[in-house]
Structure formats: structure tokens, C-alpha cells
Amino acid sequence: MTETMLTIEMANTLTDWYRKNKRDLPWRNTGNPYDVWLSEIMLQQTRVEAILPRFIAFRRALPDIAALAACPEDELMKLWEGMGYYSRARNLQKCAVLVRDRYQGTLPADPLELKKLPGIGDYTAGAVAAIAYGLPVPAVDGNVLRVMARLFSIREDIRQPETRSRVSSLIAGLYERHPDLSGSWISDFTQGLMELGALVCIPNGAPLCTSCPLQLFCQANKNHETAVIPFRSKQKSRRVIPMTVLVIRAGDRFVIRRRPSDGLLAGLYEFINLDGHLAPDEVITELERQKIRVLHIRSLPSAKHIFTHREWDMTGYEIMIDPEQTIPENWQAVTEKELKSLPVPSAFDAYMNCYDLRES
Ligand code: SF4
């Protein structure tokens, strides 16, 4: 018979397993909702290993909501550098300002209040409420979706909101039947589902069912369906955008500009770039149109950068210009040290790395 209920026996088994096997991560067991919130925002579409050093550096620089709310924009973007999705960092700050002004600097526990804040959706609200405050609220991320889909042999597309709702209802049902669960149990159970998805019921390749505390309960394991569950429909293909990146050097300075304050990578700094893949003579003509005389041009390696819905396909050139040359108003000639201190998105890593411009 297919199990249709998340039983307390299953949940206790998972919670015990989590308490014995959880990774020691800097945002765990601090008792600070700020840590839970910050880590959850950083972890969206990123692995734990990738954010660990960044979380530590961010937390050291901005130890609380008040510090985050007051942080200058460039400094915030610099701390976020390499994690992509810079709108998340801006929302973090907008959220911190509201929490400072409306909630005396402490994130509210109520998920409905949390969801009114910028950048906080169902999942993050659930995670903060359940993990930081021990409230009986489901928090369904990709890991939880995968574990629950396999556990209950849910074959529907996990991209669909209905599938997420179904998983959420299974967890909510457990809480309704057991209103006496303690806050620390709820916090550990919530993290247990996520941890099992990250360490055992893994996304790529076969899950490690023989090491899984839930193996005896698992429908997908019983029915040999772990290769086909969860089902995830294909994402629309990304739009490929050809562009030409110019590392313009004026003596020992690099010429950059700030991106517009709206849209992709808003407000970050970038090398000058042009639409399409241009040949050297086309680049020279284009720069002459902007009254810039090229002293020397040489090719740099091509590079790609993949965003969620688009891909930059980049051709690169190093351009030498006279240091006395006038440059357009929205361009800036900065020293190597200044460039290293500015937030430049990782999309330009290939060109930053040509000149060792990333701070180690
Ligand atoms: S038994 Fe295997 S498929 Fe089922 S939850 Fe555990 S790891 Fe995932």
C-alpha cells in the first residue's frame, strides 16, 4: 500500500538521524534568526561549500541587521561578489532596513509578516519560522521536494506549484496531528529533511539509499523508481547573447563603467562591452566613433557566462589608449587597487583573471 501520510515514526527517525549526522555549519545552532535568514538567501541555487567562506566574511563584516541596513552599496555588492543574483543582496538590505525600522531589528517569527518583506517568499518565510523560531510551518526547498517526492512516490513535475503544495500539505498534516512537538524538534526535523536531500537523497546520480534512515519507509526505493522520481520538466533554453568585452588600459589604469541601476547586475562595475562578436577593425571603428584612438589591440580568450535565462558568449580584446585620452563621461579609469575593491560580477571573471584582478 502506498503511504500517504508523513508519520511521526518517519519524522522521528529523520530527526534522530539529523541530530547525529548534521554538518557543523556556521549558521546552525547560533540561535540567531539573522544567521538562518542570511544563509537561506545565500543558499538559493548555490551549494553549501560555495557559500561557506562568503557567509563567514559577510557575517564578520555585517554582524547584525543594523550593520546590514547601514552598509554602503558598493561595500555590500563587494561582499556579495561571486554569488551572482545581486538583486538578492539588494533585497537583503531593503529587508534589513524595514526590520530595523518596523520590528526593532529582529526578524518577525510570523511567516505572514515575513512574507511581506522584500526577497522573502514561501520557502524562506517557512525556513526562518521553523528553523529559527521552531514554529510548525513547512519549508519546502529543492532538497525537501526531492526527498518527499521519492518517499511518497510523487510522480508529478516538481517544477509545478501544485507539487510543492502537495509536499507542503504532507508536512503540515504531521504538525496538525502532533500539536505538541517542541520548537527544537521542529527546527531539527526541518533541517533534517534538507540535510538528507543534500547528503543522502542526492540530486545528481543515484541516491545513497543503503545509508538512508528512511529506506524502510521509502516508496521510490521499494518500487525501484529513484531514477525517475523526482520528475522535473525541461527548462526553456537559454538565450545566447554574443558580446565583445574590451579591457581598455590607459597607462596603468583600467577603464570601466557602472551598469545601470535597474536590470541584470544592476549598479555593478564592468569592462566596456559591445553587442555582437566584433573583429578588431570593427572594435577600432566603434571606439573611434566615441572619439577614442586605439594605440594597440590584442585578442583575449573567449569566455561564456551562464545566467538562469541567458548566456553571455564573449569575445575579448585588450585595448591600449593614451592615458591623457578623454573618455566618455560614464566611464572611469581606475587603478588596479581600486578595481580590486569594486564589485565586478563573476561574469567577467575570465577577463579579471587575465590580470589577476580578483582579491585572493
Ligand atoms: S531511500 Fe533512497 S530515495 Fe528514499 S529517501 Fe532515502 S535516499 Fe531518498
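Begin by selecting I297, which has its place in strand β4, residues 294-306; here helices (H or I, at least four residues) and strands (E, at least two) are DSSP runs, numbered from the N terminus. The model is a predicted one, in which local features need pLDDT of at least 70 and side-chain atom pairs count only at pLDDT 80 or more, while totals for chains, interfaces and linings use all residues. Residues are numbered from 1 along each chain as its sequence is written, and side-chain values use heavy atoms, with hydrogens and water left out.

Once neighbours within four places in sequence are set aside, I297 is in contact with P280, V283, I284, Y317, E318 and I319, where contact means heavy atoms within 4.5 Å.

Next, colour the chain by domain, with domain 1 covering 8-222 and domain 2 covering 240-354; these bounds come from an automatic or database domain assignment. The C-alpha centres of domain 1 and domain 2 lie 38 Å apart, and ten residues of domain 1 are in contact with 14 residues of domain 2.

Two backbone features can then be picked out in loops. Select P230, in the loop between α12 (219-222) and β1 (239-250), and look at the peptide bond from I229 to P230, which is cis, with omega near 5°. Then move to L265, in the loop between β2 (253-258) and β3 (269-275), where phi is near 50°, a positive value in a residue other than glycine.

Now turn to the ligand and show R150, V200, C201, P207, C209, C212, Q215, C218, N221 and T226, the residues around it, each with a heavy atom within 4 Å of the molecule. By class, this shell has six nonpolar, three polar and one charged residues; Ala, Val, Leu, Ile, Met, Phe, Trp, Tyr, Cys and Pro count as nonpolar, Asp, Glu, Lys and Arg as charged, and the others, Gly among them, as polar.

Where does the ligand sit? The ligand sits in the largest cavity, in the sense that more than half of its atoms lie within 2 Å of the cavity's grid points. A cavity is a set of points, on a 1 Å grid over the protein atoms alone, where a 1.4 Å probe fits but cannot get out, and lining residues have an atom within 4 Å of a point. The largest cavity has a volume of about 100 Å³, a volume being the space filled by probe spheres set on the points, which are joined across faces, edges and corners. Its lining includes V147, L151, L196 and L214, and helix α9 (residues 142-151) gives the largest share of that lining, three residues.

For the second largest cavity, of about 30 Å³, select V137, P138, A139, I171, Y175, T190 and L193, which line it. Helices α10 (161-177) and α11 (183-199) each supply at least two residues of this lining, which by class has six nonpolar, one polar and no charged residues.

Terms used: On a 1 Å grid over the protein atoms alone, a cavity is a set of points where a 1.4 Å probe fits but cannot get out, and a pocket is an open set with protein on both sides within 12 Å along at least five of seven lines; lining residues have an atom within 4 Å of a point.
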